[in-house]
Amino acid sequence: MTAHQTIEAPASTQTMTGAEIVVRALIDQGVEVLFGYPGGAVLPIYDALFEESRLQHVLVRHEQGATHMAEGYARSTGKPGVVLVTSGPGATNAITGIVDALMDSIPMVVITGQVATHLIGTDAFQECDTIGITRSITKHNYLVKDVADLPRIMHEAFHIATSGRPGPVVIDIPKDVQFAKTAYAGPNEVVHAHDYRPRTKGDPGRIAEAAQMIANARRPILYTGGGVINAGPRAAELLRQFAQMTGAPVTSTLMGL
């Protein structure tokens, strides 16, 4: 996508449209590439995106392809994959990739368009209950009804998608919210409303108990997966050392151990 200029609004000082806030938040979150397919309900965001030279947009032929591309991008870079699709069929076409990201613990932020807030629930053109559909297949999802909440939600979504066990987060943005204006707030200026504090450190006592059970087993097998990969090379090396100490073979289709 060709771009002409960049969106440079000082945080908390200049009023921006919801669409411009989405683009500015992506920049502040370190996003460089996003995958998507345009539609009427997200045209304001695409207009703002056109003006931003620091974001590369990869145009797909189907929204499912966008989610799978974002998954591959996240796997290869370690950064969250970002998807931009329109309302109704655009959002529902992305479902398969969202489920896949949840099952495989892949950080992903999916931005979907939605009909104007006053049309929600009226069976408007290309309207669907995106929040209801994705509630059980995401770490969290949002329906933005007030543009003042948008800066916080954008930054919060990236925090949730990448913290603890990674996974997908959906942000459903009605078209009138994309046109509405408010002051932008940066990642360090917002107060998170969602109290997400995942436990990232194991219980030493339970770990020792598990290690003793494995050591006492006659034929132990360590079956590992994506969690070890996400934990980095050190975790894989510790797993190998533990397997050698206990004499347990390691089975993993992901690690090739």
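Trainee: How do the residues of the lining of the second largest pocket divide into nonpolar, polar and charged?

Mentor: Please bear in mind that this is a predicted model. The lining of that pocket comprises six nonpolar residues, one polar residue and no charged residue. Its members are Gly 227, Val 228, Ala 231, Ala 235, Leu 238, Leu 239 and Phe 242. The space within the second largest pocket is about 150 Å³.

Trainee: How many aromatic pairs does a search of the whole structure find?

Mentor: The search finds one. Phe 35 and Tyr 73 make up this edge-to-face pair, with 5.9 Å from centre to centre and 65 degrees between the planes. Because Phe 35 belongs to strand β2 (residues 33-36) and Tyr 73 to helix α3 (residues 63-77), the pair ties together parts that are 38 residues apart in sequence. Phe 35 and Tyr 73 are both buried.

Trainee: Why is helix α1 described as largely enclosed by the rest of the structure?

Mentor: A residue counts as buried under 20% relative accessible area. Helix α1 (residues 18-28) is largely enclosed because nine of its 11 residues are buried. Among them are Ile 21, Val 22, Arg 24 and Leu 26. After α1 comes Gly 30, which has a positive phi near 80 degrees.

Key:
Residues are numbered from 1 along each chain as its sequence is written. This is a predicted model: local features need pLDDT of at least 70, side-chain atom pairs count only at pLDDT 80 or more; totals for chains, interfaces and linings use all residues. Side-chain values use heavy atoms; hydrogens and water are left out. On a 1 Å grid over the protein atoms alone, a cavity is a set of points where a 1.4 Å probe fits but cannot get out, and a pocket is an open set with protein on both sides within 12 Å along at least five of seven lines; lining residues have an atom within 4 Å of a point. Grid points are joined across faces, edges and corners, and a volume is the space filled by probe spheres set on the points. Ala, Val, Leu, Ile, Met, Phe, Trp, Tyr, Cys and Pro count as nonpolar, Asp, Glu, Lys and Arg as charged, and the others, Gly among them, as polar. Rings of Phe, Tyr and Trp (its six-membered ring) pair if their centres lie within 6.5 Å; planes under 30 degrees apart count as stacked, over 60 as edge-to-face and the rest as tilted. Helices (H or I, at least four residues) and strands (E, at least two) are DSSP runs, numbered from the N terminus. Buried means under 20% relative accessible area, exposed over 50%, partly exposed in between (1.4 Å probe, protein chains only).
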